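Subject: A structure for you to look at

Hello,

Here is the structure I promised to pass on. Please open it next to this message, and my notes follow below.

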Amino acid sequence: IANNVIAHLREIYTKTLSSREINTELTIHNTQPYQYNDMYFIHHGDWFRTDTNKKQIFQRYHKYSNFVEPIVSIRNMMNSQISKNIKGTTDSELMFHLFIHFLSDKSSLLRNYRDHIAKAWNKTVTTIAQCGFQNSSNVVFTYGNYVMFSNIYKNGSLLEIKQLPLYVNYQDGVTICSSRIVPNMTPVSKNKIYIYNRRSKYLSE
């Protein structure tokens, strides 16, 4: 019996897309969860750019010049082993591998690995914002005994960007979902990092 069950349903943007563009999005490489060694990651939400005074969603505009430059900049931060593991075109996969980049930095490794995960995730969110992206996202990450989850809302623009819901329940382990799939689920606070240790049953915020 599996200790962790992680699942993701993706609804892609299709308005104004051609059949060819839709088929390009619907590939196994754009299917979550993403995996790197024994690490698993799912992402619900979007990165946006607002520098054209309109809300541009990553999936629809990632090939446009104002997206390409920061995407290349993020990928260039990573070592070749991590970067070459990126096979698809989603902000989700890019976010995961940026996180792995910071998580793999042994020069900043903390004695408590829980704190190291939190530090790496903070660097990930900060870097995304520094590259000019607005960010409305839910994420779940699992590695070993650790389950990290977070609801991110970073909007420095004047445009309206919807904040996503995320809920958690701690009965019989931990259940995390963007909808209330079991009774007594409570909302997750935005812009906080939650790390649950399955072995000790300890939750840190």
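In which strand does Val 147 lie? Val 147 lies in strand S5, residues 146-154; helices (H or I, at least four residues) and strands (E, at least two) are DSSP runs, numbered from the N terminus.

Before going further, some notes on how to read this. This is a predicted model, so local features need pLDDT of at least 70 and side-chain atom pairs count only at pLDDT 80 or more, while totals for chains, interfaces and linings use all residues. Residues are numbered from 1 along each chain as its sequence is written, and side-chain values use heavy atoms, with hydrogens and water left out.

First, the whole chain. The protein chain has six helices and ten strands. Of its 205 residues, 45% count as buried, where buried means under 20% relative accessible area, exposed over 50%, and partly exposed in between (1.4 Å probe, protein chains only).

Back to S5. Val 147 counts as buried because its relative accessible area is 4%. Its C-alpha atom is separated by 9.4 Å from that of Leu 203, 56 residues apart along the chain. S5 as a whole is mostly covered, with eight of its nine residues buried.

S5 also has partners. S4 and S5 pair in the antiparallel sense over nine bridges; two strands pair if DSSP finds at least two bridges between them. Two residues sit between the strands in this hairpin, where Gly 144 takes a positive phi near 60°. Strand S9 (residues 193-197) runs antiparallel to S5, and five bridges join them. Met 148 stands opposite Ile 195 in S9.

Asn 135 is in strand S4, residues 134-143, and its bridge partner in S5 is Lys 154. At 2% relative accessibility, Asn 135 is therefore buried. Its side chain makes a polar contact of 2.4 Å with that of Ser 137 (a pair of N or O atoms within 3.5 Å; within protein, one must be able to donate a hydrogen and the other to accept it, and residues adjacent in sequence count only if both atoms are side-chain atoms). Not counting residues up to four places away in sequence, Asn 135 touches Asp 46, Trp 47, Met 95, Ile 128, Ile 152, Tyr 153 and Lys 154, contact meaning heavy atoms within 4.5 Å.

Elsewhere, three strands form an open sheet in the order S7-S6-S8, with antiparallel pairing. Strands S7 (175-177) and S8 (186-187) are its edges, each pairing on one side only.

Happy browsing!
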